[in-house]
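Thanks, everyone. Let me put the model up, and then we'll walk through a few residues.

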Amino acid sequence: MPRWARFKRRPADEIQVFKRRGGPDGWWIVTEISVQYSEHQCPSHDLAGWRKARVPQCPSGVMTLVPDWVCEILSPGHEGKDLVHHLMLLQRAHVPHYWIISPEDRTLIAYALDAGGYRVIFSAEYPLGTVPGPVRVPPFDAVEIDLGCVFGSAG
């Protein structure tokens, strides 16, 4: 299994506390789920999340309801799809939060929808040899996310 494929579980593990919550703070976090944004736009996302307040049952199959959060893990040869195509598609679909994680560059960039367009709300790069610490990144800023665990450098 390629390194980037094994990497996908790490961000989901760090935000799993939200999966356990009921009510308005709860989330469904799903890996490798397809979302149909239009007749010809149905990408499969590495990670996608829906607030349980909007979606009472765990998403499955092909979803037609826009997620509240999408996270793509950059993989070799697909950077353009995640950095350009998906960014523009999710912005047009009004997905409130979009994260891009690059395991190779040890980078996290988080976007939030603001007045119809995405703006960067968090960005950090952790060169090899550095140990990332905990951060708070919307929409999961109620808890600290240990980027050391996400990037595989936690002690």
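Start with H97. H97 counts as buried because its relative accessible area is 13%; buried means under 20%, exposed over 50%, and partly exposed in between, using a 1.4 Å probe and protein chains only. H97 sits in strand β5, residues 97-102. Strands here are DSSP runs of E with at least two residues, helices are runs of H or I with at least four, and both are numbered from the N terminus.

A word on the source. This is a predicted model, where local features need pLDDT of at least 70, side-chain atom pairs count only at pLDDT 80 or more, and totals for chains, interfaces and linings use all residues. Residues are numbered from 1 along each chain as its sequence is written, and side-chain values use heavy atoms, with hydrogens and water left out.

Back to H97. What does H97 touch, not counting residues up to four places away in sequence? The list is D68, W69, V70, Y111, A112, Y118, I121, P138 and P139. Contact here means heavy atoms within 4.5 Å.

Take D68 from that list. D68 forms a salt bridge with R54, and their closest N and O atoms are 2.6 Å apart. The pair links distant parts of the chain, 14 residues apart. D68 is in the loop between β3 (62-63) and β4 (69-73), while R54 is in the loop between β2 and β3. By salt bridge I mean a side-chain nitrogen of Lys or Arg within 4 Å of a carboxyl oxygen of Asp or Glu. Buried or exposed? D68 is buried, because its relative accessibility is 7%. R54, at 38%, is partly exposed.

How many salt bridges does the structure hold? Two. The other pair is R119 with D114, closest N and O atoms 3.0 Å apart. R119 has 44% relative accessibility, so it counts as partly exposed. D114 has 40%, and so it also counts as partly exposed. As background, side chains of opposite charge can pair when their charged atoms come close.

Next, F140. F140 lies in the loop between β8 (134-135) and β9 (145-146). Its relative accessible area is 0%, so F140 is buried. F140 and W27 are 113 residues apart in sequence, yet their C-alpha atoms are 9.9 Å apart in space.

Last stop, S38. S38 lies in the loop between β1 (27-35) and β2 (44-51). At 34% relative accessibility, S38 is partly exposed. Its C-alpha is 9.1 Å from that of A93, 55 residues away along the chain.

That's my tour. Over to you.
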